[in-house]
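The points are numbered, and they may be read with the structure open alongside.

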Amino acid sequence: MIELAHVSKIYGKKQNQFAALEAINLTIESGRSVAIVGKSGSGKSTLMHVMSGLDRVSGGTITIDGQDISKLKNTALDQFRTDKIGFIFQSFFVQANETCLQNVMLPLEINKTPRSERRRLALEALEQVELADKANAKAGNLSGGQKQRLAVARAIVSKPSIIFADEPTGNLDTATGGKVEELLFEFNNKLSSTLIIVTHDTDLAKKCDVQIYIQDGKIIKINDLAKKKGAKS
Amino acid sequence: MKMLDIIARAGRSLRGAKARTLLTSLAIAVGAFTLTLTLAAGNGISAYVDRLVQSNFDPAELIVGRDKEVENTTGAPDSTPKEYDESIGNLSLGGQGSMQLKQITDEDIRIIEQLDYVDRVRPNYQINADYITRPDKKRYTLSVQSYNPGQKPELSAGSLPSSDLAKGSIVLPASYVRILGFKSAQDAIGNTVDIAAQQSLNEAAVREFIANGLSAQPGNTPEPKRKVTTYKIAAISKPSVTSLATVGMPVLLSSNDANEMYDFISAGTQQYGKYLYAFVRVNGAENKAVANDAKKKLKSMGFTVMTSQDLQASLQTIVNVLQSLVVVFAIITIIASIFGIVNTMYISVLERTREIGLMKALGTRSSSIAWLFRIEAAWIGLLGGLIGAIFAILLSLAVNPLLTKQLSLGEGNTILMHDPLQIAGLILGLILVAILAGWLPARKAAKLDPIEALRTE
């Protein structure tokens, strides 16, 4: 479970202060799929950064599975990301000069999985994104859609409890983007990991259980489909 | 991240930039090459000096004299003129002019001989023998030394007693065997040679000459007294490549014979019964502590003393000075290459901003990121060290036979001697230097903000 209480993020000093996030209160149940929707500059990326422990809050607390990550030291925060978080970025960020297998093994290297285990786990993850045949191919030779699937494999290989996806289909055409979306929701169900997608694509947002609309650093609307369903029944 | 994974990852990223890595390493390789060769040359020359001293000096012998010059190991005499001392007399040094040197006397030698820690005393007889010959053979020049039982020369024939040579017998250098008409070294053993020595012009001879009422007219110059002694050949000494003797190998006489010949030559002169220095054999003086102890005692008695270790050290000093000069140049090269590493590493950090950002986002610690770049620098250092050392060894293998021949060092002796431990130490040092060079770029990488690094434009 992710709980944000009075979270704010302020950039700059004194007269040049700018609040990227203001008094955010939010609770996200484990295993759900959440879309954070907003225009560019709305603060949606900042919200993702502070929730994932990439960035520090200026005020308030972020509690994830009972742990207040705003109070963690840097190394503990690194460990938290290693253990709990998987990332997927708009620009893929796969290592072009390394093989697909090496790319997927990176999180396992970071979390100190024994060498003998890494290959097996990485191959397993590649199989799940249907890239097993490309295991020894250089990542730079893949198509855009394949690269993002590789990134998905890298995000799920360490079995994180939360996966953050920052505009995961932003650089892809509809067909390949659809495939990536399919995979993301599949893992969200199968691994019961929380999926948080940052996007301005409303079609993608509608496929999520929860839509959080953000504007000027504030939450303006939360759509919870499950709750609505619950209300109806 | 585990250190092993960091090392592997750093190696992988270097392989991704082969040309850059190789060029940066080559800069270090130049320094490593120079250092490896310098160290090897130092080893070779040190070993040569050791052999030189050991084959020319008995390590148990101390050189004992009365004048401070005996302790002067640099070879440069004191530049301030000395006051003339009537009691010392003049010692002619041939073309180098004359010099006043306090000499050690027979009386001194008797005192030293009686010291309980002294084994044997061998005065340094300055014997200018005229020639060596055999009946019906030509006359040849020679140098003469007294035999030191503590330091047996290598023999090609004959044998030597464990104590002094028997009176009347000599050790003849192999170079005289053929020219004196012997078929082989073995053939010469037991045969005899004649050695002639000439008495110095002394006061008594001059008086006798004047008393005879003769003036210096052609054909009327006084004939110097000459004595020809016949000696039996006990052994033939092999030519030595490390002999310091300038006139070839010396003919070795027994102490008695050497003493007799010197007394004859110097009779009536100021040199009679006086020597520039004497070789004092001290029991156990191969040990530095024992030698220094004896040196201290002898010095307190007013003698000037030099041990064979002193001599070795003074020769070594010259080698060391030359060596440090080259080492300084090599170190300058390495310092220059450090900037190369710093530059390369900064480029590497810039090029891999995304990769660093991603690794940090996925939870890699800053310290691991820093080590990733330090190890990358270390790989460059290792590569440079290996390239430099390998080229230095290959060059040594190629030129050593030539150098050995050119410097006539003798079979099996080389001037460039590589010590694996030294090379390993050198490479390790270079790795450390490279890590230090990578420190600032590594810090820059470690401080990188992952959000900034991953911002898409």
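**Notes on chains A and B**

1. In chain B, the C-alpha centres of domain 1 and domain 2 lie 59 Å apart. The domain assignment from which these bounds come gives domain 1 of chain B as 3-50 + 315-453, and domain 2 of chain B as 125-275. Please keep in mind throughout that this is a predicted model.

2. Chain B contains 14 helices and 15 strands, and of its 457 residues 36% count as buried. If one takes the contacts in chain B with a separation of 6 or more, 84% of them are accounted for by residues 24 or more positions apart.

3. The next point concerns where the two chains meet. On the chain B side, 16 residues are in contact with 20 residues of chain A. Helix 10 (353-361) and helix 14 (450-453) of chain B each supply at least two residues of the side that touches chain A, and helix 10 of chain B gives the most, with four residues. Sorted by class, this side of chain B has seven nonpolar, four polar and five charged residues.

4. One residue of helix 10 of chain B, B:Lys360, deserves a paragraph of its own. Is B:Lys360 buried or exposed? B:Lys360 counts as buried because it has 25 C-beta neighbours inside 10 Å, and a residue needs 20 or more to be classed in that way. Once its neighbours within four places in sequence are left aside, B:Lys360 is in contact with B:Ile369, B:Leu448 and B:Pro450. By contrast, the C-alpha atoms of B:Lys360 and B:Asp130, which are 230 residues apart along the chain, are separated by 90 Å.

5. Turning to chain A, strand 1 (residues 2-11) is joined to strand 2 (residues 18-28) by seven bridges, and these two strands of chain A run antiparallel. Within this pairing A:Ile2 stands opposite A:Ile28, which belongs to strand 2 of chain A. The hairpin that the two strands form has six residues between the strands, and in it A:Gly12 takes a positive phi near 80°.

6. Strand 1 of chain A is also joined to strand 4 (residues 59-64) of chain A, by five bridges and again in the antiparallel sense.

7. Which residues of helix 2 (residues 74-84) of chain A are buried? They are A:Asp78, A:Arg81 and A:Lys84. Seen down the axis of helix 2 of chain A, the buried residues fall within an arc of 155°, so they line one face of the helix. These buried residues pack against strand 4, strand 6 (85-88) and strand 7 (162-166) of chain A, whereas the face of helix 2 turned away from the buried side carries the exposed residues A:Thr75 and A:Ala76.

8. Helix 4 (residues 115-128) of chain A has 14 residues and reaches 21 Å from its first C-alpha to its last, close to the 20 Å expected at 1.5 Å a residue. Its buried residues are A:Arg118, A:Ala122, A:Ala125 and A:Leu126. Because these residues cover an arc of only 100° around the axis, they are on the same side of helix 4 of chain A.

9. What do the buried residues of helix 4 of chain A pack against? Their packing partners are helix 3 (100-110) and helix 5 (144-156) of chain A. The face of helix 4 of chain A turned away from its buried side carries the exposed residues A:Ser116, A:Glu117 and A:Arg120. Just after helix 4 of chain A, A:Glu130 takes a positive phi of about 60°.

Note on methods:
Residues are numbered from 1 along each chain as its sequence is written. Chains are lettered from A and ligands numbered from 1 in the order in which they are written. This is a predicted model: local features need pLDDT of at least 70, side-chain atom pairs count only at pLDDT 80 or more; totals for chains, interfaces and linings use all residues. The expected span of a helix is 1.5 Å times one less than its number of residues. A residue is buried if 20 or more other C-beta atoms lie within 10 Å of its own, exposed if 12 or fewer, and partly exposed in between; C-beta atoms are placed from the backbone. The arc is that of the directions from the helix axis to the C-beta atoms. Two residues are in contact if their C-beta atoms, placed from the backbone, lie within 7 Å. Domain bounds come from an automatic or database domain assignment. Ala, Val, Leu, Ile, Met, Phe, Trp, Tyr, Cys and Pro count as nonpolar, Asp, Glu, Lys and Arg as charged, and the others, Gly among them, as polar. Two strands pair if DSSP finds at least two bridges between them.
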